[in-house]
Structures are given as structure tokens and as C-alpha cells.
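Me: I'd like to go through this model and check what the labels on it rest on. Can you take my questions one by one?

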Amino acid sequence: MADKNLFTDKVKITIKSGDGGDGMNSFKSFKGKPACGPDGGDGGNGGNVFIVADENVNDLLSFRYISKYFAGDGERGGSNKCFGKCGNDVVIKVPLGTVVKDYETDTVICDMFADGEKRLVAEGGRGGKGNVRFTTSRRHAPNFAQKGEKTQPHVLVLELKVIADVGIIGFPNVGKSTLLSKISAAKPKIANYHFTTLSPNLGVVRYYDESFVAADIPGLIEGAADGAGLGHDFLKHIERTRMLVHVVDISGAEGRDPVEDFKKINEELKGYSKKLAALPQVIALNKCDIYGADENVKAFKKKYGKKYKIFTLTAVNGGGAEELIGGVFGILQTLPPVSRVESDESFTYRKSGNLGFEIYMDGEVFVVVGDLVDMLCRNVVLNDPDSMAYFQKILREKGVISKLKEMGIKEKDVVSIGEVEFEFIP
């Protein structure tokens with residue numbers, strides 16, 4: 001059984017919009033008058049699939065247990081021109097910052113950025129027309145109805161990327177969570193061992209009447225950019241931050257060199273993304289109250305003081321936090337806001353109505369395939385003259401006959417459309 005406390009930030013789910021309901025083929029009848037004209041109603045449309053951003057959802061854990069989201073099918077049309085009921089929609093709630101991708105093409109469908117944002121990702125199939133819709137001045141009693149459109153399941157990838165103004169980074173156990181707890185109301189888990197933080201923690205930092213969001217990113221290790229440990233899982237959460245606060249354990253109490261720690265983390269950032277490495281960065285030298293830290297602070301400032309803003313902290317009691325907040329806020333004022341991941345805003349799984357077709361040769365047989373063929377197979381009744389007349393009309397209107405002539409078809413050549421084969425008669 002999966003650990004309920006395990007943070008989940010990437011999942012695959014299967015969605016399917018509802019099939020359209022079939023149109024009804026029926027005729028009015030009264031006592032003594034058995035056939036009084038067609039009265040078959042249309043089928044209902046299939047349900048849609050929506051994705052909604054919800055600030056009350058924290059991660060994607062629930063999708064590990066429920067991974068299939070199918071909308072309701074439309075109901076069949078009824079007699080007396082009654083419409084079938086439309087299928088129920090499915091609404092999938094995701095955390096803010098969830099990027100939705102098509103699994104097969106890796107196309108970014110949307111970035112669920114703001115609370116309440118709603119996106120249609122799969123459109124339900126249209127309901128079929130009842131036989132009353134096919135009456136004309138010459139066709140008074142059509143004995144066929146249209147089938148509803150069928151839809152296909154699709155696989156989506158949901159990936160959570162934290163939305164924060166500031167990312168707090170550094171090696172494990174350098175005091176990132178402690179710092180976040182002192183500068184915001186967040187209450188992350190804190191303990192004196194590596195990887196206390198297993199998921200990003202967010203906190204709102206107040207600065208007079210203003211505020212910004214800071215994220216405590218789980219500790220990085222050497223090789224993170226190559227996927228060591230949970231490197232890629234952690235690094236992706238700072239991709240959309242505006243700036244970084246790099247926390248360094250300046251005490252060297254764990255036997256590590258602060259300068260080397262700083263270099264290694266920046267190398268990992270550069271190895272993962274040049275854009276990430278180019279983010280504005282301030283340095284927070286933590287654990288300055290430990291014996292021997294003063295010398296390390298002097299050496300660190302001498303090496304990096306001209307390139308970076310450096311703040312000294314005693315995060316355990318909040319020492320230096322106010323100066324850090326002021327410095328970070330000043331830099332944020334010069335930076336553009338958090339940006340969305342670029343997406344294809346027009347992307348929706350839908351039955352577009354663009355009934356295309358292709359024709360290829362199988363020996364001496366002309367084979368017609370495509371969405372147009374699927375539609376005809378659903379709607380044509382072979383033993384009904386009116387339905388066959390409709391079939392021939394569609395072939396002419398959609399250019400199938402013209403294309404066959406271009407390919408050199410001759411009289412009595414065989415044409416295959418779906419499960420139907422017939423001899424061509426010009």
C-alpha cells in the first residue's frame with residue numbers, strides 16, 4: 001500500500017469524454033392510423049472533461065488511486081421528437097501550478113495557474129440526429145437515423161510545478177526549512193538530519209503592506225542535475241521562481257567546505273537549466289552563531305561579496321531574517337512576475353467535424369479510409385433506399401467521387417468503404 005504521506009507531483013491519468021447518444025428512428029402512430037410520419041428525436045451530447053485549478057488541493061496524490069475519469073454518455077433520442085439526455089461532465093480538480101500535457105505528443109495543453117481557472121480538455125461527442133431531421137420535400141418518411149459520435153480515451157500527464165516568487169535552495173540540513181518558518185507562517189517539518197523536507201513547502205512572507213511567496217525546496221545533492229537522489233523532482237519546482245535565496249551552512253560543522261557547497265549547487269542548477277542558473281540569487285550564510293563561523297564568513301565574503309548580496313543569519317532564532325526579507329523584496333520589485341508555462345491554448349480533444357478521408361490501392365481495389373468513412377458506417381442503412389441515397393450524396397459532396405476519378409478509376413472497378421464493397425458506376 002502506498003504511503004499516504006508521500007508527496008506526488010507527477011502522474012498519468014486517462015480521460016474520456018462521453019459518446020453522443022444515437023438519434024431515434026421512429027414514426028407516429030395512432031389507433032387506426034399506423035404511420036403518421038417520422039417523429040424520432042436527437043440523441044444527447046456526451047459529457048465534457050474539464051480541469052479546474054483549486055487552491056485547496058496540495059498535490060497529485062489522489063490521482064495515484066483514481067486514474068480514470070470518464071464523462072457520461074449521451075442518451076438515445078426518444079419518440080415524439082424527444083431529445084436524449086446529455087451526459088454528465090467530469091471536473092478534475094488539480095493544485096495551482098499543475099502543467100497538463102498530452103502523453104503521446106508531449107504537447108503542453110494548459111498551465112493551471114490561478115485559483116478557479118477552468119479548461120475544457122475533451123469535448124463530448126455530438127448526439128445523432130433523429131429521423132425527423134432527414135425529412136425533405138421529396139423524402140417524407142426517412143427510415144434511418146444518425147448514430148451518435150464516438151470518442152476515444154486519451155492519456156494526460158499532470159506535473160506540478162510550484163508557483164513561488166522565491167525559491168530557497170541549498171544542501172540538505174543547512175537550515176532552509178528553519179528559515180522559512182521564521183520569515184513566514186509556514187510550519188515545515190524540521191529536524192537535525194538530512195532530507196527532513198521531502199516536498200516543497202510554501203510560505204507567504206509579509207513585508208510591511210506587501211507580501212511574496214517563498215518555497216523551501218528539498219535539499220539538493222551533487223549529481224542532482226543528472227537525476228541523482230530526487231534531483232530532477234526537486235529542481236523542476238524552482239523552474240518558475242523569480243529569484244533564489246541560496247542558504248549556505250557557513251559553520252562547516254558537518255565537515256563540508258561552504259565555498260565548495262555553494263559551487264556545487266550552482267553547478268547543478270547550470271547542469272539542469274541555463275535559465276535556472278541565470279536567476280537572480282542572494283546568499284544567506286546560516287549558523288553564524290557557531291564557533292569558528294566568523295572566519296568562514298570573512299573568507300566567503302571576500303570571494304563572492306562583489307558578485308552577490310550576502311546576508312548573515314542565525315535562522316534558529318530569526319537573527320538577520322528582517323534584513324534578508326528587505327533585500328529580497330527590493331530585488332523582486334525589479335523582476336517580472338511569475339510566468340506561465342507556454343501552452344497550446346487551442347488544444348482540445350474534440351470531434352472537429354472535419355471529415356477527412358484517404359484513398360489507397362489494395363491490389364485492384366480502391367480503399368477509402370478516414371473519419372468520413374467512420375461517420376458513414378455509423379449512419380448508413382444498406383437496405384434502405386433513402387439511406388443509400390444519402391450515402392451517395394455525401395460521397396459526391398465530400399469529393400470522394402472526384403478523387404477516385406483523379407486516381408483513374410474505371411467503370412466496374414471495386415471500391416471498399418468500411419465493410420461495404422461496390423462496383424463503381426460513373
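Me: What makes S15, S16, S17 and S18 an open sheet, and what is the pairing?

Reply: The order is S15-S16-S17-S18, with mixed pairing. Strands here are DSSP runs (E, at least two residues; helices are H or I, at least four), numbered from the N terminus. Two strands pair if DSSP finds at least two bridges between them. Strand S15 (358-362) and strand S18 (420-423) each have a single partner strand, so one side of each lacks a neighbour in the sheet. By the way, this is a predicted model, where local features need pLDDT of at least 70 and side-chain atom pairs count only at pLDDT 80 or more, while totals for chains, interfaces and linings use all residues. Residues are numbered from 1 along each chain as its sequence is written, and side-chain values use heavy atoms, with hydrogens and water left out.

Me: How do you know that S17 pairs with S18?

Reply: Four bridges join S17 (residues 414-417) to S18, and the two run antiparallel. At least two bridges are needed, so S17 and S18 pair.

Me: Why are H3 and H5 called oblique?

Reply: Helix H3 (residues 258-272) and helix H5 (residues 293-304) pack at about 40°, with axes 10 Å apart. The axes are lines fitted to C-alpha atoms over the stretch in contact, and angles run from 0 to 180 degrees between N-to-C directions. Under 35 degrees is roughly parallel, over 145 roughly antiparallel, 65 to 115 roughly perpendicular, and the rest oblique. H3 and H5 are therefore oblique.

Me: Which residues make that contact?

Reply: Pro258, Val259, Phe262 and Lys263 in H3 meet Asn296, Phe300, Lys303 and Tyr304 in H5, where contact means heavy atoms within 4.5 Å.

Me: Why is S13 said to be largely enclosed?

Reply: Buried means under 20% relative accessible area (exposed is over 50%, partly exposed in between, with a 1.4 Å probe and protein chains only). Six of the six residues of S13 are buried, so the rest of the structure largely encloses this strand. Gln281, Ile283 and Leu285 cover one side, with Val282, Ala284 and Asn286 on the other.

Me: What does S13 pair with?

Reply: Six bridges join S12 to S13, running parallel, and Asp249 has Asn286 as its bridge partner in S13. S13 also pairs with S14 (residues 310-312) in the parallel sense, over three bridges; there, Ile283 is partnered by Ile310.
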